[in-house]
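Please open the model in your viewer and keep the selection tool at hand.

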Amino acid sequence: MTTPDGNIVKFSATIKKKGINPYVGVPKKVSDSFNKSGYIPVSGRLNKTPIRANLVPTKDGYILYINGEIRKAAKVGVGKNVHLSLKLDTKPRIVPMPKELIGALNKNTKAKKVWESLPPSHQKEFLSSLNYLKTPEALKRNIKKPSGLILVLDCFSDKSMYWTPNTLTLFGN
């Protein structure tokens with residue numbers, strides 16, 4: 001699916017930085033052309049590099065974060081002008097669950113209950129960080145005690161879990 005009128009939207013922008021995150025500002029006419037609000041899933045190209053991302057709403061309009069992998073593949077950086085062609089991405093965005101996490105959750109029913117109670121966005125964030133790891137050792141270490149900002153989950157221990165909106169932590173019985 002493309003924009004409601006069937007077109008791929010094209011624009012150019014300069015990569016800027018918000019905190020530590022490189023991004024491009026999305027022109028209002030571009031974000032409006034998708035006829036959606038909130039996060040807008042898109043796919044397309046940054047220069048000639050394929051991308052799949054979300055347009056993110058901010059108080060000043062929409063932005064598109066440009067991660068390190070995409071910047072490296074496109075050979076661009078902060079301050080560089082880029083050309084984007086985007087369309088609405090309607091394909092499901094399923095993040096696979098590593099078998100190590102499945103096993104850990106199956107061993108700890110309390111952890112599994114808490115995992116299942118997490119909002120899908122928190123589960124996805126956690127799974128994305130695990131899937132980015134390069135070695136089995138790093139995966140096991142991060143399942144046991146991830147360094148992510150959103151949650152901390154120790155599925156390998158037999159401890160009780162406590163959920164707050166910002167973090168999932170464990171404490172002994």
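Begin with Arg 45, whose bridge partner in E5 is Pro 50. This is a predicted model, in which local features need pLDDT of at least 70 and side-chain atom pairs count only at pLDDT 80 or more, while totals for chains, interfaces and linings use all residues. Residues are numbered from 1 along each chain as its sequence is written, and side-chain values use heavy atoms, with hydrogens and water left out.

Next, select residues 40-46 and 49-58, strands E4 and E5, which run antiparallel and are joined by seven bridges. Strands (E, at least two residues) and helices (H or I, at least four) are DSSP runs, numbered from the N terminus; two strands pair if DSSP finds at least two bridges between them. Two residues separate E4 from E5 in a hairpin, and Asn 47 in the turn has a positive phi of about 55°.

Now display the largest nonpolar core, of 24 residues; Val 24, Phe 34, Leu 46, Leu 55, Leu 64, Leu 84 and Leu 86 touch the most other members. Such a core is a set of buried Ala, Val, Leu, Ile, Met, Phe, Trp, Tyr and Cys residues joined through side-chain atoms within 4.5 Å, buried being under 20% relative accessible area (1.4 Å probe, protein chains only). E7 gives this core its largest share, four residues. Another core, of ten residues, lies apart from it and includes Leu 101, Ala 111, Leu 118 and Leu 139.

Definitions and conventions: Buried < 20%, exposed > 50% of the residue type's maximum accessible area, 1.4 Å probe, protein only.
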